[in-house]
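Trainee: I'd like to learn how to read a fold like this one, feature by feature. Could you take me through it?

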Amino acid sequence: MMKLSNHLTFEQLTDLAEQRELQTSLDSSHLTSCHECTETLEQLQHTFSLMRTDTDKDAPRDVLFQAINVFQPARKVSLARRILAVLSFDSLTAEPAFGTRSGSTDVRQLIFTAEENDIDLHISSTDNKWIISGQLLSEGCKDGEVAIEGENISLSTKINEACEFKLPAVPSGDYTLRLRLSDIEVEVPRLELRK
């Protein structure tokens, strides 16, 4: 590789500072006459000396967090209103209607209300996993999406034209369910899935 200047390369200066390479007579003569290379070599030697004598275990948490965030892509800012859904019906706690026979069912129905939107959820279990399907009872659900998030799990699916959805099966646990539409985000904050 051809040098473009008379100076020593940064790699050569690093090797000299770390004493990985013996200093040649050419390097010595250059360093005595070149203030720039001598200064860079001294800075590198000082830096390596600090690194060798450093006894700190880790950088402070805030410094690490800030350094990691420098390399994170910018988060997409949502202008949608966030609405918290409230449970208005649970088939596990509902009394059977007068005059009807009680019968057990494997499907639990939950209805959540969030302003003018209702979410009808049907939860069933199979092979120690939970399947959530449902429908958003609203005027519009175009380009909607449903996401479920729990410990180490984050899944999502699109809402179809009939405002219906079905999520992949998830293990038992506590989850947050979010329905994202063009102008609102409805959140079911705690969905407990266990027997």
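Mentor: Gladly. Of the 195 residues in the chain, 28% count as buried, where buried means under 20% relative accessible area, exposed over 50%, and partly exposed in between (1.4 Å probe, protein chains only). This is a predicted model, in which local features need pLDDT of at least 70 and side-chain atom pairs count only at pLDDT 80 or more, while totals for chains, interfaces and linings use all residues. Residues are numbered from 1 along each chain as its sequence is written, and side-chain values use heavy atoms, with hydrogens and water left out.

Trainee: How many helices and strands are there in the chain?

Mentor: Helices (H or I, at least four residues) and strands (E, at least two) are DSSP runs, numbered from the N terminus. This chain has four helices and 11 strands.

Trainee: In what order do the strands of the open sheet come?

Mentor: Strands of a sheet pair through backbone hydrogen bonds, either parallel or antiparallel. Two strands count as paired if DSSP finds at least two bridges between them. Here five strands make an open sheet, ordered β1-β11-β10-β6-β7, with mixed pairing. At its edges are β1 (81–84) and β7, each pairing on one side only.

Trainee: Which bridges hold β6 in place between its partners?

Mentor: Strand β6 (residues 145–150) pairs antiparallel with β7 (residues 153–158) over six bridges, and E145 stands opposite K158 there. The two strands form a hairpin with two residues between them, and N152 in the turn has a positive phi of about 65 degrees. Towards β10 (residues 173–180), five bridges join β6 in an antiparallel arrangement, with I148 partnered by L177.

Trainee: And how many bridges link β10 to β11?

Mentor: Seven, again in the antiparallel sense, with β11 covering residues 184–193. One of the bridge pairs is D174 with E192.

Trainee: Which residues touch the most other members of the largest nonpolar core?

Mentor: A nonpolar core is a set of buried Ala, Val, Leu, Ile, Met, Phe, Trp, Tyr and Cys residues joined through side-chain atoms within 4.5 Å. The largest has 29 residues, and I119, L121, L177, L179 and L191 touch the most other members. Two or more residues come from each of β3 (108–114), β4 (117–126), β5 (129–137), β6, β10 and β11. The largest share, five residues, is from β11. Another core, of 10 residues, lies apart from it and has L16, A17, L41 and L44 among its members.

Trainee: Is E187 buried or exposed?

Mentor: E187, in strand β11, counts as buried because its relative accessible area is 17%. Its side chain makes a polar contact of 3.4 Å with that of R178. Such a contact is a pair of N or O atoms within 3.5 Å; within protein, one must be able to donate a hydrogen and the other to accept it, and residues adjacent in sequence count only if both atoms are side-chain atoms.

Trainee: What does V170 touch?

Mentor: Contact means heavy atoms within 4.5 Å. Not counting residues up to four places away in sequence, V170 touches K129, W130, I148, I153, L155, Y175 and L193. V170 belongs to strand β9 (residues 170–171) and counts as buried because its relative accessibility is 1%. From V170 to L193 is 23 residues in sequence and 8.8 Å in space, C-alpha to C-alpha.
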